[in-house]
Amino acid sequence: MNRRCFIKLAVKGTAAVVLAKGLDGIFRPATVHAGTAPRRFVFLVDTYKCIGCGFCVKACKLENEIPFNANVSRTWVEKYVVNAEGEVFADTPQEARNGFITGRIDLGHGKFKDIPQEKIKKAFFVPKLCNQCAKPSCVQVCPVGATYQNADGVVLVDRKWCIGCGYCIMACPYGMRFFHPVHHVADKCNFCYHRISQGMKPACVQACPTGTRQIGNIKDPEDPVTKIIRTQRVAVHKPEYGTDPQVYFIGLSEEVR
Amino acid sequence: MVLESLWTVKEFFVYPNEYIYWAIQIVMYPFMTGLVAGAFVLSSLYHLFDIKPLKEIARFALVFSFALLMVAPLTLLMHLAHPERSFYVGLTPHFTSAIAAFGVVLFVYASIVASELWFLFRKHLVEVSLKLKGKANKSLAEKIKYWAHKILTLGAMDVSDASLKLDAKAVKILAGVGVPIACFLHGYAGFIFGSVKANALWMTPLMPVIFIMSAIVSGVAFCMLIYIVIMEMKKFIASRKRSTTSSNTLKEIKGVEMNAMQTTVKYLIFFMIFSISLELLDLVFRSYTAVKSWDILRNVIYGKDFINIFLLQYFLGNLVPFILLLLPGLTVRRAVPALLLVLFGIFMMRWNVVIGGQSFSLTFSGYMDYQLPIIPRSLETFKEGLGGVLLIAVMPFILFWIFNKIFPVLETKGTD
Amino acid sequence: MHVLRPLYVVLTLVAIIFIARIFWIPDDFGIHEQGYTYGWYRQTNVEEWKDFTVKYRGRDFCINCHALQTQKLASAHHKNIECENCHGPALAHPAEPLKLVLDRSRELCLRCHTRLIYPTSQRSQIKGINPDQHNPGLECALCHNPHEASRPQVRRSK
């Protein structure tokens, strides 16, 4: 075999090996870590107890460095007012960061609607936050692996890796995600992971004066939240999307969007 | 503070984090890749099936497809919040996401088009480089031209008949292989939308097929339009010369043009019928099954977006050009506005899907209005505004002009 | 066989990309607990989130120094309200900030005390006022003491 043939063969061989290894690295990426975690965080919201004070939203924004006056939030509270005809009016003025200091319905465009007290048959507040779904559609659609589900069920966003395509924001059926106004990456509630990982409660749970918000570990049968979920009538939001949400509601009425 | 609030106006009950995140550049992206796919399919119709009247337009369509292909990723770069990280999709692709397919598909398709162009123009590249090689005292421009052509030949200097036959065969194979890849390039864009179960308007298995069909329509219409423009320019130049030879050339050009046009129109009509049937089927199904989301979708489709959908897309963008193209005795004068309307219709289809899908809230009780930024007051309102659109619209022509210097397609006597 | 030359060019590009990936992909990026669909990420990021600064310290932190106020509050209707809800997050107080900025605005109190009679909601149980009619524009704290909420209003002399 002459030199030319040898070089050709060597180049072809190296190329083949590099190609094979590269493809293997893409289609069968290395499994770095495997195991079952002892914790799976779940959340409980009692909509009977919520008084619409909005301290949870304020605490969340300040704790998680979301600009207070920006119209995005990791959590918010919705108000629902139902009249005698069964008409439902709902709003979430400035995501309830300043609470509900008026009974008017915010219709957008600077327009408001007043509902006379005697016409109100049923009205309540519904706090909402990321459901940390067991089958998160937002994680499924991330093209680069910047958002993921951690071993304990919390869905996190890697700020250094997010390219800002916004696919995860479009894929969330609950509207939980948004672009952080300063970091320009996807952001969402992560159950205050920096707090719960050291035994503290999320900022919203701590701030809530009525015990509306509670966090627990579904894998611990003695956990008070687990006990409620297992023994009381609870509901999840929009189960039809198949995302298997892990935020449970007491009193989730059919008017809730 | 919130960037997207610059072009989103909310009405009634909308979740706080809902804005129109996928704006004009996400409308432009499928429009551009649609033109890419369509131009390639048109080119392949000639190379695969030897449809003689398409010879002129086929070569030109391929070069334009390549130029458009270079511009399509630019729309995405202008959309991304972190464009400098765009290559992460090649580093850690998450293939459960349709967007991750983008990197692979784009690379494969670009390779096919580039290779096919190489085989088509290899003889020309060799001829130019040999001609310039012999020339002493080359100017700087000629030196660059020489080296560019020499490198592009990849050292394959044999232009014997046997060699060129191999080239033609390779072109045929690539044209054939390229068609499904071109369809995939645009079909996956349809999949990106169709698989989002959270969006009531986007979620349908028909979406990838609708996108592919309308892509072919747009690509064919686009190439026909540019071809007509070029032929008209040639006719204008020929008619000004006023001699017997030039009047023969004029007749020749006219004849070729009409032939190519009539054949291409047949294919255009076929794909237009296919495309509009699928869209109407989707609408009929939705209205018939009337699932939970139908109330708000009906308000958007028949109310807020009625003009965009029925007047602009279906009537002006489909029905009118349909009639114009089908009436007997098709002339260039009638074809041009028809083709422009077709392109407009396909653009509106992308708009109605992308923006339309974000016109209603996840609450199904609120709306969002999109206001395209016209005057750029910041980099963001340029990128995702009219400025960005115009830049994308102009780039393919600039690139085509550059590519034409290496892969010339604007002569009647083409090498093949 | 010159026909394979474009293929060689493509394969060379692929090889360059694959080699570049070896250097550019973070070592800890891989499939973790939840599998490829849900667990494809950079492991170090979990630690980065754990290191995020805590801002709200909770009542148990305040009571260390401010026992008197905390106890007063504990005997009143406001006993379930966190200190930081009105006083703002403690952060690294008293190192930084030395004093917390108290929100004395009317709007703070109206969060709960705008009277809203909402059947089925606990909001109905909270005593409140109509903000347009009850001393509009004035700070609630001028007459009411939030730390002794059970006592009737006390008019403070200014």
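In this predicted model, strand β1 (residues 41–46) of chain A runs parallel to β12(A), the two being joined by 4 bridges; strands (E, at least two residues) and helices (H or I, at least four) are DSSP runs numbered from the N terminus, and two strands pair if DSSP finds at least two bridges between them. Within β12(A), the residue opposite Leu44(A) is Tyr248(A).

These strands belong to an open sheet of 3 strands in chain A, ordered β11-β1-β12, with mixed pairing. Because β11 (213–217) and β12 (247–250) of chain A each have a single partner strand, they form the edges, and one side of each lacks a neighbour in the sheet. On average, neighbouring strands of this sheet are turned by 25° against each other, direction ignored. Helix α7 (residues 224–231) of chain A packs on the sheet and touches β1, β11 and β12 of chain A, its direction making about 95° with that of β11(A). Axes are lines fitted to C-alpha atoms, for helices over the stretch in contact, and angles run from 0 to 180 degrees between N-to-C directions.

Turning to the interface, 56 residues of chain A are in contact with 48 residues of chain C, contact requiring C-beta atoms, placed from the backbone, to lie within 7 Å. On the side of chain A that touches chain C, β6(A) gives the most, with 6 residues.

Residues are numbered from 1 along each chain as its sequence is written, and chains are lettered from A in the order in which they are written. Local features of this predicted model need pLDDT of at least 70, side-chain atom pairs count only at pLDDT 80 or more, and totals for chains, interfaces and linings use all residues.

Key
Contact = placed C-beta atoms within 7 Å.
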